[in-house]
Amino acid sequence: MDKNVLIIDFSKSFLVKGIVSALNELRYTVQTTDLNKEWVNNNRNNLPDIILFFADEDCFEEMNKIDLFKTICTENGKKIIPMGFAEDLEKIRVLFNKNILCEFERPINTKEIVDRICAIYNGNYDEEEKKKHILVVDDSGTMLNTIKGWLEDSYRISLVSSAFDAIAFLSKMVPDLILLDYEMPDCSGAQLLKMLRGHSTTKKTPVIFLTAISDRESITDVLDLKPEGYLLKTMPKEKIVSYIDNFFKNYKAL
């Protein structure tokens, strides 16, 4: 199967160039376009299965082109994968609605995009979507990447670096589990959990603390909020992964 990818990019972004380079290394044929008239006339009936749409303020100055492209996608039964900041993705959702396959919010992890494209072409996309989804909340970038590396083979992992980023994330998507650090600036893990328990969409979302805080008083305060677990970051990788695996084996959503 020919591995062809189309990227709609009005701003000639460095981010898009990085994605193109990564896909080229895997021998994908990647074409980029700003939907100029000549390109549309030559390609409207020959779109690839994977179409990335880089959404930014430049693209919304070309609404005639975007409307035409939506029509072309609908005519050919094609779906797009938009990339952009939250406010830009919201506009794309309104415009494309059922034409969206999945989306990526900036800041974007190039490897995650490439892995998703590979999963689609290898026929593993549905299996990937069936994986349990874990949101990891921690102000340490090193810890976020470590946990992602430990869990990403078995789970879909999303990362945020503050309680406020977590709230923004959860307003759009509720994961199957939240791994939550205790000690974070501005808003602690305990404060965040209290807020989640008080909101209708997240009050039953399971939370496991993964933290370096081990004093009895802090643990007692958190356990009163009834999280699904309290793990120390000093625990071996195998014990942390095993605990999460067993949690999903035994957990029954309310």
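A polar contact is a pair of N or O atoms within 3.5 Å; within protein, one must be able to donate a hydrogen and the other to accept it. The exercises below use a predicted model.

**Exercise 1. Which backbone atom lies 2.9 Å from a polar atom of the Thr 33 side chain, and is Thr 33 buried or exposed?**

Solution. 
- Step 1. Locate the residue. Thr 33 is part of strand E2, which covers residues 29-33.
- Step 2. Find the partner. The backbone nitrogen of Leu 35 is 2.9 Å from a polar atom of the Thr 33 side chain.
- Step 3. Apply the cut-off. A polar contact needs a pair of N or O atoms within 3.5 Å.
- Step 4. Check the surface. The relative accessible area of Thr 33 is 5%. Buried means under 20%, so Thr 33 is buried.
- Step 5. List the neighbours. Leaving out residues up to four places away in sequence, Thr 33 touches Leu 6, Ile 7, Ile 8, Asp 9 and Trp 39.

**Exercise 2. At roughly what angle do the axes of helices H8 and H9 cross, and which residues make the contact?**

Solution. 
- Step 1. Find the helices. H8 spans residues 163-170 and H9 spans residues 189-197.
- Step 2. Read the geometry. Their axes come within 10 Å and cross at roughly 25°.
- Step 3. Name the arrangement. Angles under 35 degrees count as roughly parallel. H8 and H9 are therefore roughly parallel to each other.
- Step 4. The crossing of H8 past H9 is right-handed.
- Step 5. Name the residues. H8 contributes Ala 163, Ala 166, Ile 167 and Leu 170, while H9 contributes Leu 192, Met 195 and Leu 196.
- Step 6. Sort them. Seven are nonpolar, none is polar and none is charged.

**Exercise 3. How many helices and strands does the protein chain have?**

Solution. 
- Step 1. Count the elements. There are eleven helices and ten strands.
- Step 2. Of the 254 residues, 45% count as buried.

Key
Residues numbered from 1 in each chain as written. Predicted model: local features only at pLDDT ≥ 70, side-chain atom pairs only at ≥ 80, totals over all residues. Heavy atoms only, no water. Axes fitted to C-alpha atoms, helices over the stretch in contact; angles between N-to-C directions. Helix = DSSP H or I, 4+ residues; strand = E, 2+ residues; numbered from the N terminus. Parallel < 35°, antiparallel > 145°, perpendicular 65-115°, else oblique. Left-handed = near helix turned anticlockwise from the far one by under 90°. Contact = heavy atoms within 4.5 Å. Nonpolar A, V, L, I, M, F, W, Y, C, P; charged D, E, K, R; others polar. Buried < 20%, exposed > 50% of the residue type's maximum accessible area, 1.4 Å probe, protein only.
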